[in-house]
There are 2 protein chains.
Amino acid sequence: MTRVLDRKRSVLGRLRSLGEKIIGDMERGEHPRLEIPSRSVSNIRYDPVEKGYVLGDGKKVRSTAAYSHLRRFTQFVWIASFAKSLIEEQRTSTLRDVYYSSQAYGVDFEEQVESDELIMDLEAYLGFPREDFNIFPAERAAIFGDLTIEYTVPGYEGRRVNLLTHPDGLMIGHSLKTCEFVDTGAERVFVIEKDAIFNRFIEERVYERYKAILISTSGQAPRAARYLIRRLRVELGLPVYIFTDGDVWGLHIAGVIVYGSANSAHVRELHTPDAKWIGIWASDIEKYRLPSDPFNERDVKRLEELLRDPRYSEDPWRSELLKFKKLRRKSELEAFSRYGLSYIADVYLKDKMDLYG
Amino acid sequence: MTRVLDRKRSVLGRLRSLGEKIIGDMERGEHPRLEIPSRSVSNIRYDPVEKGYVLGDGKKVRSTAAYSHLRRFTQFVWIASFAKSLIEEQRTSTLRDVYYSSQAYGVDFEEQVESDELIMDLEAYLGFPREDFNIFPAERAAIFGDLTIEYTVPGYEGRRVNLLTHPDGLMIGHSLKTCEFVDTGAERVFVIEKDAIFNRFIEERVYERYKAILISTSGQAPRAARYLIRRLRVELGLPVYIFTDGDVWGLHIAGVIVYGSANSAHVRELHTPDAKWIGIWASDIEKYRLPSDPFNERDVKRLEELLRDPRYSEDPWRSELLKFKKLRRKSELEAFSRYGLSYIADVYLKDKMDLYG
């Protein structure tokens, strides 16, 4: 409970400072101006120590002295005040909601992309991700495993539940993201790109046999899931293993969980640097003789992009990208079913855990 | 428990008859042949009494006497035997898994669409949807509300949980679909197209204020959700209300929940004829002066298709389609946020319940 409250208090403190800065400028007879960390590509760099994308020192200045800045400045201040009221009223919102809500205040954005950009500016300014001021993405992931949590959301404060409760999985939303971890019998975390394999793992009792908490990301991991994965690693010390389809898109889904995305270089706590991507590798396609499909043009283009990405300069990323380049073929997690439905849990998972676990 | 076991027993009985039919043909020295209800468009009709699509009496014959039928016949029998083993081993599978699993048996399908088609043939032959022989779609929906259930899945038999347990919602998968309803304090069901509004309704305590079970379909309702919605209506007698975006796609999402889809005309129990689509209507866009966007070409094309669809020949479908045609504009559920985040629950929902509830 304390941890969550502390964060909210920090965010509120930062929002208050923002307001005081503007009022202070005006009281001194100056035009209010703000310096916001620049999120432009030229200010994003890969940090080999942090093992993730970070922002440089570049700032953009928004001053009410410049007529051309006025609109953006006003919109930015409105978003900050909206964020403050969300926290104070213990309400949540989505990027889309913020866009529409602005119309209630006569603060018109031409398109949602405008308000989205300013919300990211606010993240950069405050140094906190938007989830900390209660703006959430709509996408959700699911979790299942032996972890007892305590809720901190209004109406549920202090209530506890064990995440083995519902064998279809529990949605990872605001309540789960902000929970406290009470107790766990798990020794590791398996993150899985696909619901179908998440289900398969539950059915094959992987959570028992490997004492694992299972998380399904349903494609690119939503930020709430990435945040939760990091917390499981940092707070509970559980090693994290990531399973994706055997293609460049799967590799990148794992990469974003490990290193973070360029899009969120301005926020921390969304990546898990020592999480391990353990399959499906390009080399697994050969090793396990998996049914596979040839790369299409999009795959080839994406492969070339990822080969230039500094996040993927080390193995296994590098060697597997080169292997994909050679093979020009891809396989899905479901492809293991060619050896029977339990093969992926009985053989493949065991092989990987012998290697890494 | 009994209900679920009874269904499995019926499906197993039908599968056994299928095997005995083939063996019987052979013992009589005849070429095995099967008659499978035809799912072709010419055999699908709208039944005004059932208020849904149903199959006519057309059959297609698959005979091993015809060389051209042999491949399909063999594949069909393999799928039936795979279904039988899934039920007997209490395992589940997906359409994609079945496609890959076939390769373990040397039964090669050229593409997944081939095995998908035969799985639908098996549904038509058995008169049971594929969920009853443990083949599930990957998509999932979520539920939240005052409903106590008892699981029937292996490892969880007899365990009970109340669906208010986890305020991010519980995934609707195999376990939830096959549960028994034990007790509920709810008086209605709200089905919502979008996770964001599902969350909003939870946050605004709609489940308490309206004594409602909330279901999020995340777009087109997965079959497990449609099956569960029907069960809530039939077994618990709860009225069902559907909220979608105010566009032709949303209208059709509601339509499929109410009337079923042409694709699943050969299976019953997936539609809820007296569920009410109560918004966002085209007329609501005007009435509530919602922020809206103009129709694009796809919207216009879809509108014309739906105007010719017999399911939508009655009001409010018909009148709202015509209204969309006149307006040529669409609004999202989030658009209500222009009046503040709680407006959709405090005003819109109340208006609709005064009208229908």
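Entry: I began with A:Val191, which stands opposite A:Ile215 in strand 13 of chain A. I count strands as DSSP runs of E with at least two residues and helices as DSSP runs of H or I with at least four residues, both numbered from the N terminus. Strand 12 (residues 188-192) of chain A is joined to strand 13 of chain A by five bridges, and the two run parallel. Strands pair, in my notes, if DSSP finds at least two bridges between them.

I then looked at strand 7 (residues 141-144) of chain A, which has three bridges to strand 13 of chain A and runs antiparallel to it. There A:Phe144 stands opposite A:Leu214.

Buried or exposed: how do the residues of strand 13 (residues 212-216) of chain A come out? Five of its five residues are buried. I call a residue buried if 20 or more other C-beta atoms lie within 10 Å of its own, exposed if 12 or fewer do, and partly exposed in between, with C-beta atoms placed from the backbone. A:Ala212, A:Leu214 and A:Ser216 point one way from the strand, while A:Ile213 and A:Ile215 point the other way.

**Entry: ground rules.** I noted that this is a predicted model, in which local features need pLDDT of at least 70 and side-chain atom pairs count only at pLDDT 80 or more, while totals for chains, interfaces and linings use all residues. Residues are numbered from 1 along each chain as its sequence is written, and chains are lettered from A and ligands numbered from 1 in the order in which they are written.

**Entry: two domains.** I looked up the domain assignment of chain A, which gives domain 1 (2-136) and domain 2 (141-356); such bounds come from an automatic or database domain assignment. The centres of the two domains, taken over C-alpha atoms, are 31 Å apart.

How many residues of domain 1 of chain A are in contact with domain 2 of chain A? I found 18 residues of domain 1 in contact with 20 residues of domain 2, where contact requires that the C-beta atoms, placed from the backbone, lie within 7 Å. On the domain 1 side, strand 2 (44-47), strand 3 (52-55) and helix 4 (112-126) of chain A each give two or more residues. Strand 3 of chain A gives the most, with four residues.

By class, this side of domain 1 has 11 nonpolar, three polar and four charged residues. My classes take Ala, Val, Leu, Ile, Met, Phe, Trp, Tyr, Cys and Pro as nonpolar, Asp, Glu, Lys and Arg as charged, and the others, Gly among them, as polar.

**Entry: the two chains.** Next I turned to the interface, where 41 residues of chain A are in contact with 41 residues of chain B. Among the elements of chain A that supply at least two residues here are strand 10 (170-172), helix 5 (174-177) and helix 6 (195-203). I sorted the chain A side into 18 nonpolar, 14 polar and nine charged residues.

How are the copies related? Chain A can be laid on chain B with an RMSD of 0.0 Å by a turn of 180 degrees and a shift of 0.0 Å along the axis, superposed by least squares on the C-alpha atoms of residues with pLDDT of at least 70 in both. The two copies are thus related as by a two-fold rotation axis. In chain A, the C-alpha nearest the axis belongs to A:Leu170, at 2.3 Å. I also noted that 100% of the interface residues of chain A are interface residues in chain B too, so the copies meet through the same surface.

Entry: In chain A I found an open sheet of three strands with the order 9-8-11 and antiparallel pairing. Strand 9 (160-162) and strand 11 (180-184) of chain A are its edges, each pairing on one side only. Four bridges join strand 8 (residues 147-150) of chain A to strand 11 of chain A, and A:Leu147 has A:Thr184 as a bridge partner.

Technical notes: Contact = placed C-beta atoms within 7 Å.
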